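Grab a pencil and work through these exercises with the model open beside you. Try each task before you read its solution.

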Amino acid sequence: MRRILGALGAVLLTLGLAGVAHAADPAKPGLNAWQNQVAKVNRPASTGCYTAVYPNTAWQPTACVAAPKLPMPPKDGARPLVVGNGSDVAARVPAGSFIQTAIGSFENVTNVTSGSGPIGNAGPPVANAYTLQMNTNYFSSTACAGSPNAGCRGWEQFVYANDGGSGAAFIQYWLLHYNTACPGGWGQFQFGGVGDIYCYRNNSGGAVAVPNQPITNLANLSLSGQVSAGSDSVTLFNGSTAYTRTGDNSVNAAAGWDTSEFNVFGYGGNEDGGGMFSFNAGAAMTVRNRVLYGGRAAPTCVATGFTGETNNLSFGPTAPVASQPGPALTFNQHTGASVANCAAAVTAGDVHALTVAGLGYDFQGVGDYTLAEVGPDFEVQARHISGAPTWPYASVNQAIGTRMGKTQVAVCGGDTVVVDGEKVELKDRPLVLDSGVNVTRAPDGSYVITDEDGNSVTVTPRGAYLDVHVGVGTWPTKVRGLLGNPDNNIKLLEARDGTIFPVPLTFDDLYHKYGDSWRVKPDGSLLSPCGGKAEESNPDKPFFARDLDPKLRERAAAVCRQKEIAAGWLEACTLDVAVLGKEAAAFYVGKPPPVLDGN
């Protein structure tokens, strides 16, 4: 695990190149410590607006202004392939603990030159109109006592809202699914003007005034939310200056806040949902979500979010990293379209596997296999077909099946999707099932399947074969199958019966013991919608790039080198280009290499 985290950390560090804006703390090494300290210092009074300037920790009174009269609504509807509306990466503290303070910030801010969004999800986009939000999870709250619905939940948002001309920091409280007349002083909200009744209000007394902060200053901004049994507050840091606003503790978040979401989002929403903030093309950054709960253990990564606002960035290419002490969770985001996950594995080309722990190895067996099992509610299977007669020792993915809870989805070839036994056609809008499973057709033609727990399967058609990306919604967690490692130990593989194999495996162990153990039994197949029982066979010998004709190998390798494929993927890319064609190199472009080569 140290090797994995070390490698991921090295990848994160490599982002610190020209065009990167770093947070202000390198110039003032004590700035982060000061921010941690001042966020926890009691305000002079239970209500009011205050400011402090580094290195002083004494709060001084400052102006309060009216907070925006806009809802920052919760997530609703389909999970997008960008940040927000449930698609995010959040930090969860150990069971039985609750967050006291959370601080969000941005590092390695790269090529952020502009951005805009509508106000309240309506009207034209406004330059530099965005929010920073530190959001709690949804939790049982005593404030729901007046609701007839046992499913009513409290929710608290610590918000910095920048409308393009000025800024304000405040707290917004929610009673979700209240489903009766809202208490006095609370506004009523309904998606589409119908259905469940939500109640929301801002803290009393207004927001703390903050000068306009253009999005190009993102690296110098951080946002903190603090709660206790008797109080709460929000603090916006602009480098060495802090602006804080005390709240009303309206939902008693101290008794339920165990998961923290932080990011940059659109400026509020309406009954149609949350608005989007759009960055310029090429923007990228690392998000740091620090949670203080009285312990030192690193938080658990959960691929979820709570607010309905979005931005146009997506996640990766490296997995989120949890660290302690701090404790904190960091993750990368950039312009693009991909689903959030906390750990990921792939099988690609003919067939190259990369496990969630980072082990790369080739697997050319033919038949139906279990790629991943995560708990009782998430499973992924793949059908491998032979490359015979031209390439008898190679195989590729022909079909992918997944079970998320009770919902089963199969992608057969490149153009057929079957959901719970029924063929479906995906058009411009995602398919949103009652189970919480979403099936989306991405701009690049991939099929993206997600569940409410943040697990995901992305199937990318490549003509005669499929590449598959398996995303895990919680990390660390136990993953079994061809894409798992026992105890997430990168140097081990585990058969279905629990037999442990040190890496690298012998040819016989890889196929006839380990591989055969993960063959799918007919009564457990998720791939039956793609045809009957698959042919089963194992290759007679290993097949690597070195086994190719030298001239063919050199031509294929030249294609991969021209695309600047990472050295750790060069052999796999060369084999794929030789066997499958030049287009196969596209999968490897920009991909971090395996942490360990299992071949």
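**Exercise 1.** Find out how much of helix H5 (residues 570–580) is buried, and what its buried residues pack against.

*Solution.* Step 1: know what you're looking at. This is a predicted model, where local features need pLDDT of at least 70, side-chain atom pairs count only at pLDDT 80 or more, and totals for chains, interfaces and linings use all residues. Residues are numbered from 1 along each chain as its sequence is written, and side-chain values use heavy atoms, with hydrogens and water left out.

Step 1: Buried means under 20% relative accessible area, exposed means over 50%, and partly exposed is in between (1.4 Å probe, protein chains only). Helices (H or I, at least four residues) and strands (E, at least two) are DSSP runs, numbered from the N terminus.

Step 2: count. In H5, 8 of the 11 residues are buried, so the helix is largely enclosed by the rest of the structure. The buried ones are Ala572, Cys573, Thr574, Leu575, Asp576, Val577, Ala578 and Val579.

Step 3: look around them. They pack against strands S28 (343–348), S29 (352–354), S30 (359–362) and S33 (391–404), plus helix H4 (550–562); contact here means heavy atoms within 4.5 Å.

Step 4: check what comes after the helix. H5 is followed by Gly581, which has a positive phi, near 115°.

**Exercise 2.** Work out why strand S17 (residues 241–246) counts as largely enclosed, and which strands it pairs with.

*Solution.* Step 1: 6 of the 6 residues of S17 are buried, so the rest of the structure largely encloses this strand.

Step 1: take the faces one by one. Thr241, Tyr243 and Arg245 are buried on one side, and Ala242, Thr244 and Thr246 are buried on the other.

Step 2: find the partners, remembering that two strands pair if DSSP finds at least two bridges between them. Strand S2 (residues 49–53) pairs with S17 in the antiparallel sense over 5 bridges, and Val53 has Thr241 as its bridge partner. Strand S16 (residues 232–238) is also antiparallel to S17, over 6 bridges, with Ser233 opposite Thr246.

Step 3: inspect the turn. S16 and S17 make a hairpin with 2 residues between them, and Gly239 in that turn has a positive phi of about 60°.

**Exercise 3.** Is Ser456 buried or exposed, and is Glu271 buried or partly exposed?

*Solution.* Step 1: Ser456, in strand S40 (residues 456–461), is buried, with a relative accessible area of 0%.

Step 1: list what Ser456 touches. Leaving out residues up to four places away in sequence, its contacts include Val339, Phe378, Met404, Ile449 and His469.

Step 2: Glu271 sits in the loop between strand S19 (269–270) and strand S20 (273–274). At 41% relative accessibility, Glu271 counts as partly exposed.

Step 3: compare sequence and space. Glu271 and Pro73 are 198 residues apart in sequence, and their C-alpha atoms are 8.4 Å apart.

**Exercise 4.** Which residues touch the most other members of the largest nonpolar core?

*Solution.* Step 1: a nonpolar core is a set of buried Ala, Val, Leu, Ile, Met, Phe, Trp, Tyr and Cys residues joined through side-chain atoms within 4.5 Å.

Step 1: the largest core has 107 residues, and Leu132 and Phe279 touch the most other members.

Step 2: zoom in on Leu132. Beyond its neighbours within four places in sequence, Leu132 is in contact with residues including Phe106, Phe158, Leu218, Leu236 and Phe262.

Step 3: another core lies apart from that one, with 21 residues, among them Leu354, Ala545, Ile565 and Ala585.
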